[in-house]
Amino acid sequence: MNQFDLTGKIALVTGASYGIGYAIASGYAKAGATIVFNDINQELVDKGIAAYAAEGMKAFGYVADVTNEDQINAMVAKIEKEVGSIDILVNNAGIIKRIPMVEMTAAEFRQVIDIDLNGPFIVAKAVLPAMIAKKSGKIINICSMMSELGRETVSAYAAAKGGLKMLTKNIASEYGEFNIQCNGLGPGYIETPQTAPIRVPGHPFNEFIIAKTPAARWGKTEDLVGPAVFLASSASDFVNGHVLYVDGGILAYIGKQPK
Ligand code: NAP
Ligand code: GCO
């Protein structure tokens, strides 16, 4: 039996019109899953559907803001009616604001917490009842290096991602008895639109990350697909409450000394 086969499974990946979510959803489709995704407006959803189609994948797309419980509950009900019961949830949608804490407004802080932490709570709460009823489910929360480490200007994001690590452990603890596994996937520094501003060749942070990564490179979204398939598949049925870091070794390394 191929433990990494997702045939017959329905996977919801939030914020998956592009970026990490798109790569993970595409990997799930190639592993046999039916993929469903949401984004915050129809233009992005249409863009995502076209992108999946261009790669020969049929994806079901829905407009829903992960911070809006009514929209998420309505979307999950629509998915269950139009596609089927959700077997795999990837809480991927997220934003970052890079602002020194003393200059960040409370509203800006709240917005990051709302999308990056409250959103995963809202979506997981919406899909859990059906998973409990069928005594099966996989929830994967996209964590971060900032689930473990801090750095200048990302106070809200680090607080959210640190909280997301603990929400992951709590869902695992509370619902493990229903054969539901909830794990985190913690990407390192990955080439996506979110990191484009700090990845400019010659930018000090770009050089810093390459020196801080044993693999001496930025990650690619493709680097995350295998670990994401593992966490969504029966190969990880006894892995629960774990955060799988896919970071090229960043968390293990003090960093290359300057020449
Ligand atoms: P991205 O390129 O900015 O994509 C984020 C996606 O989430 C976009 O499609 C975005 O749509 C969507 N989104 C934002 N707010 C939303 C909301 N309220 N409701 C629904 N969808 C929403 O980011 P990424 O780099 O792919 O990151 C994806 C996830 O990985 C995030 O949780 C991020 O924190 C995490 N992560 C990223 C890295 C990295 O190095 N890139 C590393 C570790 C973790 P819009 O275009 O409308 O904003
Ligand atoms: C930053 C980056 C990181 C990455 C990622 C690292 O400004 O430090 O955006 O936060 O997005 O979360 O794992």
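## Ligand 2

A polar side-chain atom of Gln-194 is placed 2.8 Å from an oxygen atom of ligand 2, a polar contact in the sense of a pair of N or O atoms within 3.5 Å (within protein, one must be able to donate a hydrogen and the other to accept it, and residues adjacent in sequence count only if both atoms are side-chain atoms). Ser-144 also brings a polar side-chain atom to 2.6 Å from an oxygen atom of this ligand, whereas Met-145 contributes a polar backbone atom, 2.8 Å from an oxygen atom of ligand 2. In total 14 residues surround ligand 2, and the closest are Arg-98, Ser-144, Arg-151, Tyr-157 and Gln-194; a residue is counted here if one of its heavy atoms lies within 4 Å of the molecule.

This is a predicted model, in which local features need pLDDT of at least 70 and side-chain atom pairs count only at pLDDT 80 or more, while totals for chains, interfaces and linings use all residues. Residues are numbered from 1 along each chain as its sequence is written, chains are lettered from A and ligands numbered from 1 in the order in which they are written, and side-chain values use heavy atoms, with hydrogens and water left out.

## Ligand 1

Ligand 1 is surrounded by 28 residues, of which the closest are Tyr-18, Asp-39, Asn-92, Tyr-157 and Thr-192. A polar side-chain atom of Tyr-157 lies 2.6 Å from an oxygen atom of ligand 1. Polar backbone atoms take part as well, that of Asn-92 at 2.7 Å from an oxygen atom of the ligand and that of Ile-20 at 2.9 Å from an oxygen atom of the ligand.

## Helix 4 and helix 5

Helices are DSSP runs (H or I, at least four residues), numbered from the N terminus. The axes of helix 4 (residues 106-134) and helix 5 (residues 155-175) come within 8 Å and cross at roughly 15°, where axes are lines fitted to C-alpha atoms over the stretch in contact and angles run from 0 to 180 degrees between N-to-C directions.

The contact, meaning heavy atoms within 4.5 Å, includes Phe-109, Leu-117 and Phe-121 of helix 4 and Tyr-157, Leu-164 and Tyr-175 of helix 5. By class, this contact of helix 4 with helix 5 has 17 nonpolar, 2 polar and 2 charged residues, with Ala, Val, Leu, Ile, Met, Phe, Trp, Tyr, Cys and Pro taken as nonpolar, Asp, Glu, Lys and Arg as charged, and the others, Gly among them, as polar.

## Helix 1 and its partners

The axes of helix 1 (residues 19-30) and helix 2 (residues 42-54) come within 11 Å and cross at roughly 40°, and the two helices are therefore oblique to each other. Gly-21, Tyr-22, Ala-25 and Ser-26 of helix 1 meet Gly-48, Ala-51 and Tyr-52 of helix 2, a contact with 4 nonpolar, 3 polar and no charged residues.

With helix 7 (residues 225-232), the axis of helix 1 comes within 9 Å and crosses at roughly 60°, which makes helix 1 oblique to helix 7. Here the contact is made by Ala-23, Ile-24, Gly-27 and Tyr-28 of helix 1 and Val-225, Ala-228, Val-229 and Ala-232 of helix 7, and the residues divide into 7 nonpolar, 1 polar and no charged.

Conventions: Angles under 35 degrees count as roughly parallel, over 145 as roughly antiparallel, 65 to 115 as roughly perpendicular and the rest as oblique.
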